[in-house]
Amino acid sequence: MRMMSKSLIAGACLLTTVALSQTHSRSGPVFTKDGDLVLPTGFREWVFMGGPITPNSLNGGEAPFPEFHDVYIERENLRYYQHQGYFPEGTVLVKELVLTQKGKHPDGSLDSASGRGYFPSELHGMDVMVKDSKRFANTNKWGFFTFGHRAPPYSPSARVMSVAQCASCHIAGVAKTDMVWVQYYPLLHVKLQ
Amino acid sequence: MQKRDYLGAIVAGIALIGTGIALFQGHPAVAQAQESAAVFTSDGKLQIPTGFRKWVFVGAPLTPNGLNNGQANFPEFHDVYIQAKNVDAYMKTGQFPEGTVIVKELTRLLNPTFPDGSRTEPSGRGFFNGAFNGIDLTVKDSKRFAKTNGWGFFTFGHHPLPYEKTAAEAPAAVCANCHMANVAKTDMTWIQFYPLLLNRTTEAGWDTPQSR
């Protein structure tokens, strides 16, 4: 009997290990041994949450985040948020920046067949935030990283940003909504069809 | 008389071969559904695709109402999605495969405060996503849409959720003509607005099927 329960426990452990390794291979942040975040891969197959745009021309020629901010989240973390109203541990949010096509108007907008507006041109950098309540206890459970504001290839790894550069603004603006500007992402607060 | 019998035998033979192929491949309608996200009703209308928010996002042009005399043709963000397998094919060949569906979901702007539709947020002055506002899509089917350069165009409404469940093909004057006039050479798609597709490099962070 004892033998049987031991083997049952061993079996359960094995299953857990398999489940964990499967989960790990597809999702979650990866850190180097000195605590830097490894550049996320595969994010283009995550769910697109929204793409605010702060054109350089409307921000004194140089927006803090130039210019489109395309935000991606893994599907299971999006689902979790839709049910719980907050993100699970290990959630990674990727924000890829994309420049706009240069238009003739003073506000930087372009006349195109579909109308006057802003149109993506070149990939231009990546910022990432990771939820880990132990590692980032000092900044309301989230760590902030940038892999450069420039054309690919992006930096292969990044050190956590200082509080003043990222976290303090999120703490001041969106501490109550799990540090995320959920108001910009209709998928997070709209009842889906 | 003899000739008619001969023809009859040919027709019967073709029917038999056709049935055999259909049986061998399993249910033909199911097989087609696996190949393309485009599902047509018996009267030729297109059903609204499901699950497109799990497809690959390739870009989001923005035409604010405030910059288009109060009413843009496509209000206002145009979020464009393509299935991963069709992105793979495009990255490899520069062409979309038959059956490719490209979904464009519109979202309105979040509470504009400036006349152009922008507002000021902690990240700067700009345009932020508001409510979902409709779906347009294109389907590549060179036989069905031979007259419009191999692509059919559909709209499921420009309004908040819920969208229409089915849509008839839009007349050429409404959609296809503009695509033919401007982007006939790039498979009827505004590739210049989608950096991932324009560059077609792995540097852009697209994993090849082999590396996944």
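Let's start inside chain A, where Gly50(A) stands opposite Val71(A) of β3(A). This is a predicted model, in which local features need pLDDT of at least 70 and side-chain atom pairs count only at pLDDT 80 or more, while totals for chains, interfaces and linings use all residues. Residues are numbered from 1 along each chain as its sequence is written, chains are lettered from A and ligands numbered from 1 in the order in which they are written, and side-chain values use heavy atoms, with hydrogens and water left out.

Helices (H or I, at least four residues) and strands (E, at least two) are DSSP runs, numbered from the N terminus. Two strands pair if DSSP finds at least two bridges between them. β2(A) and β3(A) run antiparallel, joined by three bridges. β3(A) also runs antiparallel to β4 (residues 92–100) of chain A, with six bridges joining the two; there, His69(A) has Leu97(A) as its bridge partner.

How many residues of β3(A) are buried? Six of its six are, buried meaning under 20% relative accessible area, exposed over 50% and partly exposed in between (1.4 Å probe, protein chains only). Both faces are covered, with Phe68(A), Asp70(A) and Tyr72(A) on one side and His69(A), Val71(A) and Ile73(A) on the other.

On to the interface. Here 50 residues of chain A are in contact with 50 residues of chain B, contact meaning heavy atoms within 4.5 Å. The two chains bury about 4000 Å² between them, 61% of it on carbon and sulfur atoms; buried area is the accessible area (1.4 Å probe) that two parts lose on being put together, summed over both. Between chain A and chain B there are seven residue pairs in polar contact, both residues being at pLDDT 80 or more. Elements giving two or more residues to chain A's side include β3 (68–73) and β7 (120–131) of chain A. That side divides into 26 nonpolar, 16 polar and eight charged residues.

The side chain of Thr139(A) reaches the backbone oxygen of Trp142(A) at 2.7 Å. Thr139(A) is buried, with a relative accessible area of 11%.

The structure holds 14 salt bridges over all chains, with zero between chain A and chain B. A salt bridge is a side-chain nitrogen of Lys or Arg within 4 Å of a carboxyl oxygen of Asp or Glu. Three of them are tabulated here.

| Salt bridge | N to O distance |
|---|---|
| Asp107(A) and Arg116(A) | 2.9 Å |
| Glu105(B) and Arg53(B) | 2.8 Å |
| Lys140(B) and Asp187(B) | 3.0 Å |

Lys140(B) lies in strand β7 (residues 129–140) of chain B and Asp187(B) in the loop between α4 (176–183) and α5 (195–199) of chain B, so this pair ties together parts 47 residues apart in sequence. Glu105(B) and Arg53(B) are both buried. In the chain A pair, Asp107(A) counts as buried at 12% relative accessibility, whereas Arg116(A) is partly exposed at 21%.

Technical notes. Polar contact = N/O pair within 3.5 Å; in protein donor to acceptor, adjacent residues only side chain to side chain. Nonpolar A, V, L, I, M, F, W, Y, C, P; charged D, E, K, R; others polar.
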